[in-house]
Amino acid sequence: MDWIAVKARMKFSRIRMPQGVTLILLATAIAGGCGYVANLLVGGTRLPADYVAFGIFWSALYLVIASLSGVQQEVTRATAPRTAGVSREHTTSIRRFGIWASLATAAALIASGPFWMGAVFPDDGWAFILPIAIGCASYVVVAVLCGTLYGLNLWPAIALMSSVDGILRLLLIGIVVLFDGGIDALVWAVVLPFPLTPLILWWFFRSSVVGRTSLDVGYRDLSWNVLRTVIASVATGILISGFPLVLKAMSPMASNAELGALVFAINLVRAPLVIVVLSLQSYFVVRFRDVPERAWGTFLKLSGAIVIVGAVGAVVAGLIVPPLLTLFPGGYALDGFVIAGLVATSALLGVLCLSGPLALARSQHGVFTAGWVVAAVASVLLLLVPGDLAGRMLFALAIGPLLGVATHLTGLFLAGRTSAQRHAPSTDSAMGDDSVSGGA
């Protein structure tokens, strides 16, 4: 790749939104595809009982990263091109915030590790905790940088960050698999792209960022806003990236072989639909916000499309995927009903990824957070119902998102009624107007 040309493109005028969305979707497809192939490589060279350790590590890492995505969301919201008269405090606090947030993330994970690693990583302990701490601390830097790039509308730089991260991870995992490396080498192959990507790319677009940004809040307000956005992100992470980890934690009596097969299927079968819809969250917010009179119609049409795609995909996956799983080392085979159920429930999660932006577009942040929290808590608790592991998993993945969507829609309905009542003319005022008209 001609890096000089890449650097030059970072300095050109901003790309308009539709082109920006196209670039982000393309980068998401590249990064998601790399993660998909990476899991296939590991699963295809290990038995389910061996894959489960890698799958749970992947889930735990991306659960924390999904939670920290709130950092990027708030930095994006707060960042704008620097203009004359902006105070020095607001132009420098993002750098200070990024450093302290990164250090705090590493310290929190290392300090809390002894309290939860026994339940999550009983056989690996610190061998997994340290990579997670370093990876997540590095991701905070990535999140702050990407949030800044979003705030400046530097779409090519954002797309490059996402693509390079995914490609590096696939290359490193491929090297480890090629040389028959162990689980310790695999987890570091997953983690290292987080610090490497900004180190490699920063020098190619730093001149487009340094001294060109300002924040609409200071350091303290930024920290408080980030803390609040992280709450909803935690719930999102539990339902998406972190669900395999939750499944293991809530199923202590399940065998590693059974868990390995289910985690492998979750990581592969749900990804195509969920990752695409999730990557368009900001786009949905803008679309619902800019044309509010069509927001409900757009929501219903998009929800219908997702449900149809999920239904068709469930039938196809239920027929095609089980025979393909038999090609992997023994033990990955799953019933077609389980595969179809995973695809169908991913569609329900996709609808939740629409109702959330609908709430945000109407500035109903409390409704937005409540819906995701209800969905996450319900999904975790429903794993405790009686029955076999696969059945409980599908039940939780179906009912949790449905309750979340219901919470979003109910909250929006009640907020709409309250707003209508607040703006409606009072009876006395209406009577007064009539009497004046009559007298005239």
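H5 and H7 are roughly parallel to each other (angles under 35 degrees count as roughly parallel, over 145 as roughly antiparallel, 65 to 115 as roughly perpendicular and the rest as oblique). The model is predicted: local features need pLDDT of at least 70, side-chain atom pairs count only at pLDDT 80 or more, and totals for chains, interfaces and linings use all residues. Residues are numbered from 1 along each chain as its sequence is written, and side-chain values use heavy atoms, with hydrogens and water left out.

**Overall make-up**

- The protein chain has 18 helices and 2 strands (DSSP runs, numbered from the N terminus: H or I of at least four residues for helices, E of at least two for strands).
- Of the 440 residues in the protein chain, 49% are buried (buried is under 20% relative accessible area, exposed is over 50%, and partly exposed lies in between, with a 1.4 Å probe and protein chains only).
- Contacts with a separation of 6 or more are 81% between residues 24 or more positions apart (contact means heavy atoms within 4.5 Å).

**Helix H7 and its partners**

- The axes of H5 (residues 126-151) and H7 (residues 183-191) come within 9 Å and cross at roughly 10 degrees (axes are lines fitted to C-alpha atoms, for helices over the stretch in contact, and angles run from 0 to 180 degrees between N-to-C directions).
- On the H5 side, the contact uses Ala127, Phe128, Leu130, Pro131, Ile134 and Gly135. H7 supplies Ile183, Asp184, Val187, Trp188 and Val191.
- The residues of the contact of H5 with H7 comprise 9 nonpolar, 1 polar and 1 charged (Ala, Val, Leu, Ile, Met, Phe, Trp, Tyr, Cys and Pro count as nonpolar, Asp, Glu, Lys and Arg as charged, and the others, Gly among them, as polar).
- H7 also packs with H8 (residues 193-205), at an angle of about 35 degrees and with axes 6 Å apart.
- Ala189, Val190 and Val191 of H7 make this contact with Pro193, Phe194 and Pro195 of H8.
- The contact of H7 with H8 has 6 nonpolar residues, no polar and no charged.

**Helices H12 and H15**

- H12 (residues 271-279) packs with H15 (residues 336-361) at about 5 degrees, their axes 9 Å apart.
- H12 is therefore roughly parallel to H15.
- Leu273, Val274, Val277 and Leu278 of H12 meet Ser346, Ala347, Leu349, Gly350 and Cys353 of H15.
- The residues of the contact of H12 with H15 divide into 7 nonpolar, 2 polar and no charged.

**Nonpolar core**

- The largest nonpolar core has 126 residues (a nonpolar core is a set of buried Ala, Val, Leu, Ile, Met, Phe, Trp, Tyr and Cys residues joined through side-chain atoms within 4.5 Å).
- Helix H3 (residues 48-78) gives the largest share of this core, 15 residues.
- Leu61, Leu149, Ile173 and Met393 have the most contacts inside the core.
- Leaving aside neighbours within four places in sequence, Ile173 contacts Ala38, Val42, Phe54, Trp58, Leu186, Ala189 and Val190.
- In soluble globular proteins, nonpolar side chains tend to be buried together.

- The side chains of Arg169 and Asp165 form a salt bridge, at 2.7 Å from N to O.
- Both residues lie in helix H6 (residues 155-178), 4 residues apart, about one turn of the helix.
- Arg169 counts as buried because its relative accessibility is 5%. Asp165, at 15%, also counts as buried.
- Beyond residues up to four places away in sequence, Asp165 touches Pro193, Phe194 and Thr197.
- Side chains of opposite charge can pair when their charged atoms come close.

**Individual residues**

- Asp180 sits in the loop between H6 and H7. Its phi is near 55 degrees, a positive value in a residue other than glycine.
- Asp180 has 66% relative accessibility, so it counts as exposed.
- Asn225 lies in helix H9 (residues 219-239). At 13% relative accessibility, Asn225 counts as buried.
- The C-alpha atoms of Asn225 and Gly70 are separated by 9.1 Å, with the residues 155 apart along the chain.
- Asp50 is in helix H3. Its relative accessibility is 44%, so Asp50 counts as partly exposed.
- Asp50 and Ala257 are 207 residues apart along the chain, and their C-alpha atoms are separated by 8.1 Å.

Conventions
A salt bridge is a side-chain nitrogen of Lys or Arg within 4 Å of a carboxyl oxygen of Asp or Glu.
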